[in-house]
Amino acid sequence: MRILIFGAGALGSVVGALLSKRHEVHLVVRPGNALAIKESGLRIEGLVDGTFAVETHVDLEDVPQPEIIFVTVKAYDTEAALEALARMARKARLVISLQNGLTNLDQFRKALPDKAVMGATSMGATLIGPGRVLYAGKGDTVFGHLAHNSELSKEAADLFDQAGFVARSDANVEGELWMKGIINASINPLTAILKWQNGEILSSEGVLGISQLACSEAAAVAQAIGVRLPAGDPFAKVREVMRATALNRSSMLQDLERGKRTEIDEITGEIVRRAGERGISVPVNRNLWMLVRGLERRGD
Ligand code: PAF
């Protein structure tokens, strides 16, 4: 099967690499990465060790029509990605979002209400050089089809399963995406501010306390707007992801280190915005949002 990974950063590259064992995989990547992968293959280290043969492209126009498209761009690029992919997406069987952020769902609902499968993953990966990725964060992935076509979300989960990832499908897409957003809001800003690996939060009672407050504020917002979170204590899930991805540097920390814009507006900023609409006070998330924007040298 032909699969396109559009906007393959660290995580998209790991997904593409493992899928390439059974499928024809095309990555749309930045020019430096494309060149390195063309010359020496895609190198994955950490939980998996190997060099993988994938096709790379800088320009979407050069990609032959795929059956399945994974969208792995940053959340602030989703709208542009959906526009660029519109023609190809119409002919594809499945378009799968595998991104961070609480703003993607509405954008996919608008653009591809019958075709999209939303994925929420707690895996973590780091770009360590052109064409080289460290896959250090174990985690599971949940897929849900926007129009509740359980066969299609199961197909996405099976694809992942066969590639060696842990995956399942679930009809409660919104709840799973919010849970993932809550996990990101409770880990990413703190690791970005402190320049810590995810697991380091567990060893500081004070910082873990801030993470817990960010988590309970975000969970209260989810509840207030009618999102049904998956069963269980949300902060137990946050701690579980910290443990499983202990050695990973969060995507937000990686973005700051590379001088790139982070997804803080689409994660913590969105929680604050939704809280504002309901008159709910979320001081911890508001402060974390402003601190990360400050580190990006953007104002409010
Ligand atoms: O953004 C990230 O880095 C990841 O979503 C996660 C799960 C927090 C692991 O680092």
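Four strands form an open sheet in the order E4-E3-E10-E9, with mixed pairing; strands are DSSP runs of E with at least two residues, numbered from the N terminus, and two of them pair if DSSP finds at least two bridges between them. The model is predicted, so local features need pLDDT of at least 70 and side-chain atom pairs count only at pLDDT 80 or more, while totals for chains, interfaces and linings use all residues. Residues are numbered from 1 along each chain as its sequence is written, and side-chain values use heavy atoms, leaving out hydrogens and water.

- The edge strands, each pairing on one side only, are E4 (50-52) and E9 (124-129).
- Strand E3 (residues 42-46) pairs with strand E10 (residues 132-137) in the parallel sense over four bridges.
- Within this pairing, Glu45 stands opposite Leu134 in E10.

**Aromatic pairs and cluster**

- There are four aromatic pairs, counted where the ring centres of Phe, Tyr or Trp (its six-membered ring) lie within 6.5 Å; planes under 30 degrees apart are stacked, over 60 edge-to-face and the rest tilted.
- Phe143 and Phe160 make an edge-to-face pair, because their ring centres are 5.0 Å apart and their planes stand at 85°.
- Phe143 belongs to strand E11 (residues 140-145) and Phe160 to helix H5 (residues 150-163; a DSSP run of H or I with at least four residues), so this pair ties together parts 17 residues apart in sequence.
- The rings of Phe160 and Phe165 form a tilted pair, with centres 4.8 Å apart and planes at 35°.
- One aromatic cluster comprises Phe70, Tyr135, Phe143, Phe160 and Phe165.

**Burial**

- Phe143 counts as buried at 0% relative accessibility; the term means under 20% relative accessible area (1.4 Å probe, protein chains only).
- Phe160 and Phe165 are both buried.

Definitions and conventions: Buried < 20%, exposed > 50% of the residue type's maximum accessible area, 1.4 Å probe, protein only.
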